[in-house]
Structures are given as C-alpha cells and as structure tokens.
Amino acid sequence: MIMRLLHYSFLLTVLFFWSVNAGAQHFGVLHGIDTTIQLLDTSRQARWGAYKRTTQEPKREKKFWRAGSEWLIANIVPATFNRFITKDPYSYISFKNFINHQRFSAWDWDDNQFTTNHLDHPYHGQLYFNAFRSNGYNFYQSSVATLAGSYLWETGGETQAPSINDLVNTTYGGIILGEMTHRIARNILGRGSRHPHSHVSNEIGAFFVNPVNGLNRLLDGKWGKVDEYNAVDSSTIWTEVNIGVRRFDAQEGDILEKGKNGSYGRLRLWYSNGSENITRPFDQFYVNLEFGKGDSTFINAVNVHALLYGHKFFGTKRGDHYGVLSANYDFYNNDAFFYGAQSLGYNWNSEFRYKKRNRLNMSVGVGAILLAGVPDPYLLYGASRNYNYGSGAGYRYHAELSVLNRLLITGDYNGGIFFTISGNDSYYILHAGTLEANLRLFKNFSLNVSSGYFALEGHFDEEQYPDFNRSFPFGRLSIGYNVRF
C-alpha cells in the first residue's frame, strides 16, 4: 500500500513538473510523438534548437555508504510497515527464512493483485536505482543495485516464497522508471541553474519527481544552489497535455449505439539529449500517461519507451535511417481487460523530408516480451491473482505525416503474442491500433481527434475452457497544449 501511495504521488508530480517551472519556453510548432518507439526524430530535434551536447560527464563523488544505507532503507521501511502497521502474516521474517530462500527450488510465482505487481513493484525498484544513481554511480552500476535490492526483498523481506515475476518487474521496471526520473529531475535542476529566479520552484519540482535525489541534495547542502553536474545538462523536454472527452464500449464493441461517455486526459513527454547522442541508454525516451473517468480505473495507461542504443545506417538529402534498441514498460487497464508487460525491442526508423515544413516518419519494430501479465477469467491463483504470466514476441508499426507544420496525421499498430508460463495452459494475441489527427489552431494549441481499439484474444485448451476475445473500441476529442522545456 505504501508503494502505491508513493507511485500515485509520482504520477501527479509529473503534471506538477510540467506546470511549475518558469524556465519553460512556448513552442508553437505542431508535433507528433510516437506512442510506439520513434525515439529518433532529427527534424523535431532541429526545431528544438541546436545545443552543444557533450558526451563528457562531470565526475561525481561516489558515496557508497550513503547509497547503501538508502538502498537498505528502501527495504526496511516497507518491511517495518508490513510488520507493525498492517501486521501482514508474511512479514514475520527470520534469518532462517532468508537462508531457506537461497535455494533455487524455493522460487515461485506470487498471487498479488495486478496493480501491485505491475505498478508498485517497478516504483519500488526505482528507489533502489536512485539510491545509487543520485550518489555518483552510473546507469549500469545503479542497475546492478536494483537487481540486488529486488533479490534481497524477495529472499529476505517476506516469509512467502521468493517471486520470479516480482524479481523481473521490480528490476526491469525499476531501472526504466529510475533512469527516467533521474534524467527528468536533472533537466529541471539544469534549467534552474540557467534561471536564478526559479531555483526554488525547480528544486521542488525535481524533488517530487525524484525524492531520493532531492533528499541527497538537502544532505549535501546543494538545495537551491547551482552544481556542476546539473548545470551542464542541456537536454530538452517537450510535453503535450490533452484534455477532452471520449466514447468507448467494452461490452458490445459498438461505441456509436451502446458506448459510454467520459472525460479524458493525456500527458505525453519526450526527452532528448541531442540527436548526436544515440549510443548511451536513455539519451532519448518517451513517456505516456492516460487518465479517464467512467472507465474501470482512473489510470488507463502508463508507457515508458527508452533508447538503449542507436545507430545511424545512412542519410540522404531527403531523409535519415536509424536502428534503435529500446527498453519498454507498458501498463493498460480498461473496462475490457488489463495488460502489463516489460519488453526489449529493435526498431528501424526512417524519416523522409519534403522542403522544410513537410515530413514523413515511419518505424517498424520487433522484439521480445520478457514478461506479460494478462487476465484469465478461469484462474484464481492463490488469494487474489486472476491473471496469467507469459513471454513471447511483440511487433509494432508507426507512421507520422506532418503537413506544413500544421496538420499531423498519426497511425499506430502494436501487437504481440505470448505463451503462458504461470497459469492455465493458454496463449494470447494482443492488438492495439490508433489513428489520430492533430490540427494546430493557434500558437501552442491544437485540436485532436482520434479513434482506435484495444483487443485481447485468449486461446485455451478446448477441452478445459472456451477461448475469449475482449475488445475496447474508442473515439476521443480533445484540446492539446504543447510546450518545450
């Protein structure tokens, strides 16, 4: 529960970060952000303005003892809360319990609720990550610390069997969310260093995005001051906020006659450290948050897609062509079904330009779905798990046409097939398609119209359970506002 409260506070503070900083610059050119994996868009980065990025990072002092203490506290606090506040039966741990869990045969799949495994655990993992990242350690060293922290919790934090799915969700999701929050907080603090009048507001915004880093700045006496590491940051963040209405139907698949209406909100965030920096993890990443009233949950989607390594194959006067390896975290929860997955993909991105104000971007990607959680109406695993775990393959396509920097037409298709590892014998096929048109009205405001669907097919042993097909068609109308930081 404590992890969920912290997670929701992070989602709210991303919105806070967007609005609080006085150093933001308005950006009146209409953009499109790839809801799949278009992590390299050189035309967009050129319009952002040419900053001189440097690959030479300032050296930071590595503070092992403080990093290790914060890393350990990330386990001690929830263990203490479970033991003395909620009095969870699994919280009565012992050293013998820890030793028994070192056996390979002790590992199993747990029965926690879907949101606990796919939201709370990744957020917990980013605390391990930032304990080291904010104390001078690099991305790879902090990733190892995340794995170690997750392993310690699984084997020593509870009496129940260590969980395979928790180890994956906490580690992989924690690394993705951890580096994302580290980069965003650094961007905020870097802008604060260039705008002295906004030191306090930027410091507060960075603290809420990355509390561990904010705590360490307080301990180091850096709060409200300029420091070398953040001052040299010249990354750019572009955001778009959409507010509007939508119509959807998860029962009959007929949104016109039998659909429901509800409010709709979306925050999209694009981070770039410069088009020339494509070989370092997270120098480009994309974040998507979707909210809706009238659906099964308030938070409908959370997506983080981040570059791990990129390579430019060739370029011409009319376009550029790249290959990108990406790490992906996806979470969906709507009236029809829920879906949570962590994956690794490789994408071919191509950009074609016609004159200065017209462009066509296309992206095709395939990859491995490392672990996915999908609903199973016939399963009750333990006390509360009604979903299967599986692995498989994912495939994506994205196309984006911009005309005169005013009209943007975007098409997306995401698909996947994965086979159950834990749960009833089955396999699943996922389809998700969206067609969206954005028309820039004036300055930073645009009119957005979109339509699409989510569909999940569950295929089971015919002698045991019938197959199912759940779909979620929708239409949306919203006003968008974009700004560059």
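Me: Where is the place of K443?
Reply: K443 sits in the loop between β11 (426–442) and β12 (445–460), where strands (E, at least two residues) and helices (H or I, at least four) are DSSP runs numbered from the N terminus. This is a predicted model, in which local features need pLDDT of at least 70 and side-chain atom pairs count only at pLDDT 80 or more, while totals for chains, interfaces and linings use all residues. Residues are numbered from 1 along each chain as its sequence is written, and side-chain values use heavy atoms, leaving out hydrogens and water.

Me: Is K443 buried or exposed?
Reply: K443 is exposed, because its relative accessible area is 64%; exposed means over 50%, buried under 20% and partly exposed in between, with a 1.4 Å probe and protein chains only.

Me: And what is phi of K443 near?
Reply: Phi of K443 is near 45°, a positive value in a residue other than glycine. Most residues other than glycine have a negative phi.

Me: OK, switching to H398: which strand is H398 in?
Reply: H398 is in strand β9 (residues 387–403), and at 0% relative accessibility H398 counts as buried.

Me: What does the side chain of H398 make a polar contact with?
Reply: The partner is the side chain of D412, at 2.4 Å; a polar contact is a pair of N or O atoms within 3.5 Å, where within protein one must be able to donate a hydrogen and the other to accept it, and residues adjacent in sequence count only if both atoms are side-chain atoms.
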